[in-house]
Amino acid sequence: MANIRDIAKLSGYSVATVSRVLNEHPYVSEEKRAKILKIMHELDYIPNSKARDLSSGKSKHIAVMIPYSNHPYSEKIVSGILNAAFRDGYKVTLLPTNYDLEVEKRYLDDLAAKAWDGMIITSKKSSFEQIASYLKHAPIVCCEDTADFPIACVSIKREESYIDLFTNLKKQGYRTIGLTVGRTEKESASTGLILRSYKEVIGSLEETMLVRNCRSFEDGIQAGIHFAKLKDLEVIVTNGDDVAAGILQQLSQEKVIVIGEENLLSSQLLNFSTIDHHIDKCGEAAFQLLLEGKIRTVSIPYTFIKRHKKSPRQN
């Protein structure tokens, strides 16, 4: 099997020159580069990737921490990351955590051990303080506002979108508004934001109007069974399109408006309104931030997509 010295000998150039070509160093003439690459091709030479990574200091391999591998949010944001990574020739390893603190710490320790060039954290249970302590080892980008912590982030304007949504519903005269959430407000910043926005705009939230632990289509069906028992319910604001789709197995939009989140295929097929936070673009922006290596915040705008044609107040 050929090695780098064989290529140097056949090309007439030094081992250092061949090494620069292997590592895509810019300061090599096109003539030298073409001759060395031709010989590599003739010898069917495959570079040792680990050695090349050690030489360049980069593996072009990043990690993406996700809560679940089979969740629509994860799928959409990962899609954005993968599209951006593919264009730049990066490998991506997905790290599902199920919001387990020990698992998250193990992955962060792997990052510190140089398993990857950097990490994108799409959602987590670990504190920002803990995450920030790993920045001395490698760049990290979070897909949520990191506030005053010195961590690069992509900020999704969730609070603004929720305030706007509830304000518009209130202006239209709706008062009886149900709500679904996933994790508790102590565990999830998003849950805290929507509950706070609801109370700020609509007022107090009765416990019967709130269904917790909704993450899937099946959870939505159970939420729909609950909401179907309530009288005079006008609107249900959900934490995901699949949850909304489940609710619509038990309720009709002719009677109750159901609003989803993230503009997934389910909202398009069932024709219900949704808040699109463009989390695929969030993923792309997070990857670019990781390459940039600077600690700054990128904000992604949201879009409210109105699809329902009827509402209880129009009948």
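At 0% relative accessibility, Phe166 counts as buried, a term that stands for a relative accessible area under 20%, with exposed meaning over 50% and partly exposed the range in between (1.4 Å probe, protein chains only). The structure is a predicted model, in which local features need pLDDT of at least 70 and side-chain atom pairs count only at pLDDT 80 or more, whereas totals for chains, interfaces and linings use all residues. Residues are numbered from 1 along each chain as its sequence is written, and side-chain values use heavy atoms, with hydrogens and water left out.

The structure holds 4 aromatic pairs, where rings of Phe, Tyr and Trp (its six-membered ring) are paired if their centres lie within 6.5 Å, and where planes under 30 degrees apart count as stacked, over 60 as edge-to-face and the rest as tilted. One of these is the tilted pair of Phe128 and Phe149, with 5.8 Å from centre to centre and 45° between the planes. This pair links distant parts of the chain, since Phe128 belongs to helix α7 (residues 128–132) and Phe149 to the loop between β4 (140–142) and β5 (152–156), the two being 21 residues apart; helices (H or I, at least four residues) and strands (E, at least two) are DSSP runs, numbered from the N terminus. Phe128 is buried, its relative accessible area being 14%, whereas Phe149 is partly exposed at 35%. The rings of Phe166 and Tyr198 also pair, and because their planes stand at 75°, with the centres 5.3 Å apart, the arrangement is edge-to-face. Here too distant parts of the chain are linked, with Phe166 in helix α8 (residues 158–171) and Tyr198 in helix α9 (residues 189–201), 32 residues apart. Tyr198 is buried, with a relative accessibility of 2%.

Charged side chains also lie over aromatic rings, a term used if NZ of Lys or CZ of Arg is within 6 Å of the ring centre and within 35 degrees of the ring normal. Lys124 is placed over the face of Phe128, at 4.2 Å from the ring centre, and Arg183 over the face of Tyr99, at 3.6 Å from the ring centre.

Two packed helices are described by the angle between their axes and the distance between the axes. The axes of helix α2 (residues 15–22) and helix α3 (residues 30–42) come within 10 Å and cross at roughly 85°, the axes being lines fitted to C-alpha atoms, for helices over the stretch in contact, with angles that run from 0 to 180 degrees between N-to-C directions. Helices α2 and α3 are therefore roughly perpendicular to each other, as angles of 65 to 115 degrees are classed, while those under 35 count as roughly parallel, over 145 as roughly antiparallel and the rest as oblique. On the α2 side, Thr17, Val18, Val21 and Leu22 meet Lys32, Arg33, Ile36, Leu37 and Met40 of α3, contact being defined as heavy atoms within 4.5 Å. The residues of this contact comprise 6 nonpolar, 1 polar and 2 charged, where Ala, Val, Leu, Ile, Met, Phe, Trp, Tyr, Cys and Pro count as nonpolar, Asp, Glu, Lys and Arg as charged, and the others, Gly among them, as polar.

Most residues other than glycine have a negative phi. Asn98, although not a glycine, has a positive phi of about 55°; Asn98 is found in the loop between β2 (91–96) and α6 (101–112), and is exposed, with a relative accessible area of 54%. Asn263 likewise is not a glycine and has a positive phi of about 55°, but it counts as buried, at 15% relative accessibility, in the loop between β9 (257–261) and α12 (265–270).

His278, in the loop between β10 (274–276) and α13 (279–292), is buried, with a relative accessible area of 15%. Apart from neighbours within four places in sequence, His278 is in contact with Glu262, Ile300, Pro301, Tyr302 and Thr303, and its C-alpha lies 8.6 Å from that of Ile77, although these residues are 201 residues apart in sequence. Ala152, located in strand β5, is buried with a relative accessible area of 3%; not counting residues up to four places away in sequence, Ala152 touches Ile140, Val141, Cys142, Leu289, Lys294, Ile295 and Arg296. Gln249, in the loop between α11 (241–247) and β9, is partly exposed at a relative accessible area of 45%, and, neighbours within four places in sequence left aside, is in contact with Phe217, Ile221 and Leu270.
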